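Here are a few friendly notes to read alongside the structure. Please keep it open as you go through the points.

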Amino acid sequence: NVMAGHNMAALFSVDRFTITASASSGGSISPSGSVAANYGSSQSFTISPATGYHIDSVLVDGVNQGAVGSYAFSGVTSNHAIAAYFSIDQFAITASASAGGSISPSGTVNVDYGGSQSFTVAPETGYHVDSLVVDGVNQGAVGSYAFSGVTANHAIAAYFSIDQFTLTASASAGGSISPSGPVSVSYGGSQSFTVAPATGYH
């Protein structure tokens with residue numbers, strides 16, 4: 001029963017989709033949370049590790065994209081999810097010991113960023129600690145050493161020396177002993193002496 005003119009208007013809105021962005025501890029993703037994206041649009045994300053961490057992986061809709069620092073969705077036509085994962089940096093402390101003793105732990109020891117690691121130096125029987133060298137610097141004849149707040153690779157080396165003993169040899173008048181005086185002998189070693197009387201003595 002139209003008896004007059006009318007105006008009719010149809011209004012449309014673009015479809016919007018949600019990209020859910022999350023990050024593990026050790027870093028961030030920007031923007032984060034629920035990010036709205038219009039149909040056909042693009043949306044970029046930046047992944048940033050915190051100090052002492054690195055990007056482990058970035059998963060987009062469950063698919064690992066590798067350790068990338070950014071990711072862009074283009075031509076968005078559905079909901080998506082992006083998740084950034086981070087791992088703490090690790091540094092290697094290389095521990096070694098010369099013959100005559102041990103250092104514990106030994107070999108390559110991995111330490112987390114900012115972490116601590118102690119080492120114990122133990123000489124074998126008949127040996128003593130000569131020196132403990134950390135990153136090329138002699139720490140003296142110490143039995144232990146601790147790294148703290150580790151932020152770089154390090155090296156620690158223990159050196160041992162065999163114990164030395166003094167044999168003091170003397171002779172009365174009327175003969176001689178050879179060698180004479182203080183004679184140094186290594187632990188477990190041998191030393192011979194020759195005893196010779198002078199003429200007219202025994």
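1. Strand E9 (residues 90-97) runs parallel to its partner, strand E16 (residues 154-162), and the two are joined over five bridges. Within this pair, Thr-94 stands opposite Ala-155 of E16. Strands here are DSSP runs of E of at least two residues, numbered from the N terminus, and two strands pair if DSSP finds at least two bridges between them.

2. This is a predicted model, in which local features need pLDDT of at least 70 and side-chain atom pairs count only at pLDDT 80 or more, while totals for chains, interfaces and linings use all residues. Residues are numbered from 1 along each chain as its sequence is written, and side-chain values use heavy atoms, leaving out hydrogens and water.

3. The pair belongs to an open sheet of five strands with mixed pairing, in the order E11-E9-E16-E13-E14. At its edges are strand E11 (107-112) and strand E14 (137-138), each pairing on one side only.

4. Is Ser-57 buried or exposed? Ser-57, in strand E5 (residues 53-60), is buried, because its relative accessible area is 7% (buried means under 20%, exposed over 50%, partly exposed in between, with a 1.4 Å probe and protein chains only). Among the residues Ser-57 touches, beyond those up to four places away in sequence, are Asn-64, Gly-66 and Tyr-85; contact means heavy atoms within 4.5 Å.

5. For contrast, look at His-6, in the segment before strand E1 (16-23). His-6 is exposed, because its relative accessible area is 66%. A polar atom of its side chain lies 3.5 Å from the backbone oxygen of Ala-4.

Technical notes. Helix = DSSP H or I, 4+ residues; strand = E, 2+ residues; numbered from the N terminus. Polar contact = N/O pair within 3.5 Å; in protein donor to acceptor, adjacent residues only side chain to side chain.
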